[in-house]
Structure formats: C-alpha cells, structure tokens
Amino acid sequence: MQLETGNVVSHDSEGTLYRVLTLELPNISSNAVPGQFVHLRVSALQDAVLRRPFSIYRVDGKNLSILYKNVGRGTSSMCTLRPGDAVNVLGPLGNGFPTAVSSGKFPVLVAGGYGVAPLYFLATRLPVKGVLFVGGARARDILLNDRFKALGWNVCIATEDGSLGTRGRVTEPFDAWIQSLGGDAKPEIFACGPNGMLKALCDRARQGGWNAWISLDRHMGCGVGACLACIQRVVMEGQEVLVRVCKEGPVFESRTIVWEDGNHEA
Ligand SMILES: Cc1cc2nc3c(=O)[nH]c(=O)nc-3n(C[C@H](O)[C@H](O)[C@H](O)COP(=O)(O)OP(=O)(O)OC[C@H]3O[C@@H](n4cnc5c(N)ncnc54)[C@H](O)[C@@H]3O)c2cc1C
Ligand code: FES
C-alpha cells in the first residue's frame, strides 16, 4: 500500500452518467491487481471521512484509471478535476480477484453498474477469455461492452426496460446460457455489482457447485482496516466471524459469505 500524489492525465465522459479519471500514479499502478481499489482524497470534503473508494478500472504503465458515477458530494467535487490537478491516493487496497482460472473451468464475469470496472481490469489479465454478463436498468447503464468485445470476450446484455439486450435481470441470460450447456457447465464466476445480483449468483453457485468470486461493496471510512465501518459476516474454518471488507476483501469466495438472511454454504 502506498500514499501517492499524482496528476490528472485525463478526465473523460463514459456514456452519459459516468466519467473516467486517469491519474499518473507509478507506484500504485505497478503493484495493482484486478479487484483492488484506491481511496481517493477529495479535497472539497470537510468531514471526518475525506476519502472515497473506487475500484481500479485500468492500469496502463504508470497511469491508473477509475470509472465513476456522480452520486453525491465527493464524486460531484471530483467532476471538476482537470488535467494537471494533483490528487492524493491511497492504494492499492484490498485483496483482489484470483487472476487464474481453475483447471477445466470457463471464466464467467457478471457485472452490474460500475461493477464492470474491476472486471474489465480482470479481463485484461485472465489467461483465458470467456463471457461477460452485464446488466442495468436502462441502455445508458451498460458500460464498456465494446471494450470487452475488443479484448475477445463474448458479451450478453440485459436491461430491465429492454432498451438493450434481453429484457429483465442479468441472471436471466446467465440462467439461459447455463441451461443451454446442459450438464456440461463448468463456470468459474467473478462478479461485482449490487447486493441483490451478488446474492442471486451465490445461490446459483451453491446449487451448481461452482466457484464464484464475489466483490462486495460496503460504505467505507478509513479503507485500511482501522475503523470497522465495513464489517461483513463470513464463515472461516466452520466458524462465523466478522471481517473487514476493505482489508480481508473486497473479494470473497461465495461459499464464505453470510448474507443478511443468514444464508451461506457451510
Ligand atoms: C470497494 C469499493 C469500490 C467502489 N468502486 C466504485 C467504482 O469503481 N465506481 C463508482 O462510481 N463507485 C464505486 N464505489 C462507490 C463509491 O465509493 C461511492 O459512490 C462514493 O464513495 C460516493 O461518494 P460521494 O461523496 O459522492 O457520495 P455521498 O455523498 O457520500 O453519498 C451519496 C450516495 O451514494 C451512496 N453511497 C456512498 N458510498 C456508497 C457505496 N460504497 N456503495 C453504494 N452506495 C454508496 C450513499 O448512500 C448516498 O446515497 C466503490 C465503493 C467501494 C466500497
Ligand atoms: S473502512 Fe475502515 S475498517 Fe474498513
């Protein structure tokens, strides 16, 4: 983990709702693995919590990019950043996804919203190309699909209003694809998105006996394991324990996650 101040290299729109912020951060970039995040200091914030967490979307040499949506005070202030501005960043933080696929397994990425960001970084590093299932409320919520295709990944899109891809939730084309394979499905799942989607995938992974690597999103304070703002219940060695999503996560094997209704695979 490094504390590094880097200049803004570029700051561009991605679709109508998102922006890509690229910073020159040679030290953090050289150590980053997919699924890790950075904690970015937002200079306009006066609160106790001055930083905001964002998944690492891309690393290109000494440049690191995040893909973010303006949802509140911190991100709205970030929208004003211009090339040359200095930004203080802590990272890379958290554990990250495995960057290998188990023998005989086929990589399946499942994303909702900005969940495409860490999965794109992962897609650039996995040795085997597979399929991305990406879902959102409307066409404008579907990001980066052309970039995944350019890497050689198949992309299946679902939107709740049917404006792009299949109408409905992203689990619908996922289920249809699994069914089309009969009993031969051997997916290894990597997922990032809203809790409802992640829980639905954990249920399917449990029923199918598949490995699934789930990146959890929790409100964070310190980002480095000190404040306990991001606690999650998991099962380790047969015991339920509390862990910190920022430190022991954000990526967990699906069998270990205890959801609020108490479901997990023992
Ligand atoms: C590990 C991790 C990775 C993340 N990666 C990305 C990313 O790649 N791109 C991206 O756009 N966002 C990402 N987020 C969410 C991002 O951190 C929040 O959107 C941001 O902190 C909001 O700050 P704000 O000051 O603008 O909003 P605030 O004014 O603090 O809050 C505005 C609204 O956003 C909600 N919010 C705040 N934090 C979160 C959160 N963690 N999850 C869901 N809702 C939240 C609040 O409840 C509130 O409704 C990530 C969060 C985590 C924990
Ligand atoms: S955010 Fe402080 S312990 Fe995780």
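Below is our chat about the fold, the core and one arginine.

Guide: A note before we start: this is a predicted model, where local features need pLDDT of at least 70, side-chain atom pairs count only at pLDDT 80 or more, and totals for chains, interfaces and linings use all residues. Residues are numbered from 1 along each chain as its sequence is written, and chains are lettered from A and ligands numbered from 1 in the order in which they are written.

Visitor: Thanks! How many helices and strands does the chain have?
Guide: There are six helices and 16 strands; these are DSSP runs numbered from the N terminus, with helices being H or I of at least four residues and strands E of at least two.

Visitor: What about E3 and E7, how many bridges do they pair over?
Guide: Strand E3 (residues 37-41) and strand E7 (residues 86-93) pair over three bridges. His39 stands opposite Leu90 in E7.

Visitor: Switching topic: which residues touch the most other members of the largest nonpolar core?
Guide: Val38, Val110, Leu119, Leu201 and Ile214, out of 67 residues in that core. A nonpolar core here is a set of buried Ala, Val, Leu, Ile, Met, Phe, Trp, Tyr and Cys residues joined through C-beta atoms within 7 Å. Buried means 20 or more other C-beta atoms within 10 Å of a residue's own, exposed means 12 or fewer, and partly exposed is in between, with C-beta atoms placed from the backbone.

Visitor: Where does this core lie relative to the domains?
Guide: Domain 1 (2-93) and domain 2 (106-256) both give residues to the core, so it lies between them. Those bounds come from an automatic or database domain assignment.

Visitor: Last one: is Arg206 buried or partly exposed?
Guide: Arg206 counts as partly exposed because it has 15 C-beta neighbours inside 10 Å. Arg206 lies in helix H6 (residues 195-208).

Visitor: And how far apart are Arg206 and Arg255 in space?
Guide: They are 7.0 Å apart, C-alpha to C-alpha, and 49 residues apart in sequence.

Terms used
Two strands pair if DSSP finds at least two bridges between them.
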